[in-house]
Amino acid sequence: MEVTMALRFIGIDPDTDEKNCPRVWVDEKKQEFVFQGWKADEALEDEVRSTGPLPGYEAVVRIPARMAHILKEACNAIEHPDVVR
């Protein structure tokens with residue numbers, strides 16, 4: 001039986017130390033984006049809550065703007081899954 005991986009790694013923060021850094025994947029089975037980023041501090045979470053609730057099963061993470069091209073690549077991977085990058 002063959003196991004197919006759902007996560008496709010898209011990219012890593014270009015200014016990374018390769019250990020502790022924001023990363024982006026797409027989950028091809030669930031059609032979702034997966035982010036590893038810096039945890040939001042309490043002030044940012046409070047600001048987010050000003051627009052609606054932040055349930056305990058959700059999190060706020062920060063991704064640097066320098067990763068915009070990686071986020072665009074993730075969007076393309078979800079919209080066009082058959083295109084190999």
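**Close-up 1. Asp13, Asp15 and Arg66 are joined in a network of salt bridges.** A salt bridge here is a side-chain nitrogen of Lys or Arg within 4 Å of a carboxyl oxygen of Asp or Glu. This is a predicted model in which local features need pLDDT of at least 70 and side-chain atom pairs count only at pLDDT 80 or more, while totals for chains, interfaces and linings use all residues. Residues are numbered from 1 along each chain as its sequence is written, and side-chain values use heavy atoms, with hydrogens and water left out. Helices (H or I, at least four residues) and strands (E, at least two) are DSSP runs, numbered from the N terminus. Asp13 is buried, with a relative accessible area of 2%, whereas Arg66, at 36%, counts as partly exposed. Buried means under 20% relative accessible area, exposed means over 50%, and partly exposed lies in between (1.4 Å probe, protein chains only).

**Close-up 2. Arg8 forms a salt bridge with Glu28.** The closest N and O atoms of the two side chains are 2.6 Å apart. Because Arg8 lies in strand E1 (residues 7–12) and Glu28 in the loop between E2 and E3, the pair ties together parts that are 20 residues apart in sequence. Arg8 is buried, with a relative accessible area of 19%, while Glu28 is partly exposed at 31%. Side chains of opposite charge can pair when their charged atoms come close.

**Close-up 3. Arg49 and Glu45 meet in a salt bridge within helix H1 (residues 42–49).** The N to O distance is 3.6 Å, and the two residues are separated by about one helical turn because they are four residues apart in the helix. Both ends of this pair reach the solvent-accessible surface in part: Arg49 is partly exposed at 38% relative accessibility, and Glu45 is partly exposed at 22%.

**Close-up 4. Strands E2 (residues 23–27) and E3 (residues 32–36) form an antiparallel hairpin.** The strands pair over five bridges, where pairing requires that DSSP finds at least two bridges between them. In this pairing, Trp25 stands opposite Val34 in E3. Four residues lie between the strands of the hairpin, and in this loop is Gln31, whose phi is near 55 degrees, a positive value in a residue other than glycine. Gln31 is partly exposed, with a relative accessible area of 40%.

**Close-up 5. Helix H2 (residues 68–79) has its buried residues along one face.** The helix has twelve residues and reaches 17 Å from its first C-alpha to its last, close to the 16 Å expected at 1.5 Å a residue; the expected span is 1.5 Å times one less than the number of residues. Its buried residues are Ile70, Ala74, Ala77 and Ile78. Seen down the axis of H2, these residues fall within an arc of 95 degrees, so they line one face of the helix, the arc being that of the directions from the helix axis to the C-beta atoms. The face turned away from this buried side carries the exposed residues Lys72 and Glu79.
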